[in-house]
Amino acid sequence: MSSPVHFVLVHGACHGGWCWYRIKSLLESAGHKVSCPDLKSLGIDPSNADTVFKFDEFNEPLYGTLSELGNDEKVILVAHSVGGLSAMAAMYKYIQKIQAAVFVAAAMVRDTSSGQVPDFISNDKIFDYHFGEGFDKPPTSIMVKKDAGRKYFYQRSPLEHISWNAFETATSSSINGRQIW
């Protein structure tokens, strides 16, 4: 076996590190180290999505994982879906810590330093919008509607994988009316 690698897996919208459980298990059984941080307000992070207004704040758990690495330690960053935006931001801040980046059906933008993130989904069939600063302001978070997760995201997954994925309670943050998930 070649040298073990440290993988940092970045989840997408309305998910948490839990969504990588199968990949994490396979990589660890092959001798690799795997980190699956929950982005702010997602997964088991207790933060309220309606109070996360800055993209860097949303990414703090990922930044924390990377900042705790040893001086010569590098990781392979793997991002899915809109987790690609967080991965891109992390690459700008911690490029010396990134050995490689893999984008699995993930969003990529040229520069995330402005904090302005393009809108990706505005579909009332899939999402409910939350207005943490009042209805006269842009949405501060979104929540996947009940049963939309099964219909639009996990239609080919076994029911036991869907039942614990927390789609009915997962919210993702938004900044200035733009989803940052």
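1. Basis of the note. Because the model is predicted, local features need pLDDT of at least 70 and side-chain atom pairs count only at pLDDT 80 or more, while totals for chains, interfaces and linings use all residues. Residues are numbered from 1 along each chain as its sequence is written, and side-chain values use heavy atoms, with hydrogens and water left out.

2. Overall make-up. The protein chain holds 6 helices and 8 strands, where helices (H or I, at least four residues) and strands (E, at least two) are DSSP runs numbered from the N terminus. Along the sequence their order is β-α-β-α-α-β-α-β-β-β-α-α-β-β. Of the 181 residues, 46% are buried; buried means under 20% relative accessible area, exposed over 50%, and partly exposed in between (1.4 Å probe, protein chains only). Among contacts (heavy atoms within 4.5 Å) with a separation of 6 or more, 63% are between residues 24 or more positions apart.

3. Strand β3 and its partners. Strand β3 (residues 75-81) is mostly covered, with 5 of its 7 residues buried. Strand β1 (residues 6-10) runs parallel to β3 and is joined to it by 5 bridges, and in this pairing histidine 6 has valine 75 as its bridge partner. Strand β4 (residues 98-106) also pairs with β3 in the parallel sense, over 7 bridges, with valine 78 standing opposite valine 102. Two strands are taken to pair if DSSP finds at least two bridges between them.

4. The whole structure contains 3 salt bridges, each defined as a side-chain nitrogen of Lys or Arg within 4 Å of a carboxyl oxygen of Asp or Glu. One of them joins lysine 24 to glutamate 28, whose closest N and O atoms are 2.8 Å apart. The two residues are separated by about one helical turn, because they lie 4 residues apart in helix α1 (residues 21-29). Lysine 24 is partly exposed at 27% relative accessible area, and glutamate 28 is partly exposed at 36%.

5. Salt bridges between separate elements. Glutamate 60 forms a salt bridge with lysine 40, the closest N and O atoms being 3.0 Å apart. Glutamate 60 belongs to helix α3 (residues 60-67) and lysine 40 to the loop between β2 (33-35) and α2 (55-58), so this pair ties together parts that are 20 residues apart in sequence. Glutamate 60 counts as partly exposed at 42% relative accessibility, whereas lysine 40 counts as buried at 15%. Lysine 93 forms a salt bridge with aspartate 56, at 3.6 Å between the closest N and O atoms. That pair links distant parts of the chain, 37 residues apart, with lysine 93 in helix α4 (residues 83-93) and aspartate 56 in helix α2.

6. A buried aspartate. What does aspartate 45, which has no salt bridge, reach with its side chain? The side chain of aspartate 45 reaches the backbone nitrogen of serine 41 at 3.1 Å and makes a polar contact with the side chain of serine 47 at 2.6 Å. A polar contact is a pair of N or O atoms within 3.5 Å; within protein, one must be able to donate a hydrogen and the other to accept it, and residues adjacent in sequence count only if both atoms are side-chain atoms. Aspartate 45 lies in the loop between β2 and α2 and is buried, and the nearest side chain of opposite charge, lysine 40, is 5.3 Å away; here Lys and Arg count as positive and Asp and Glu as negative, while His and the chain ends are not counted.
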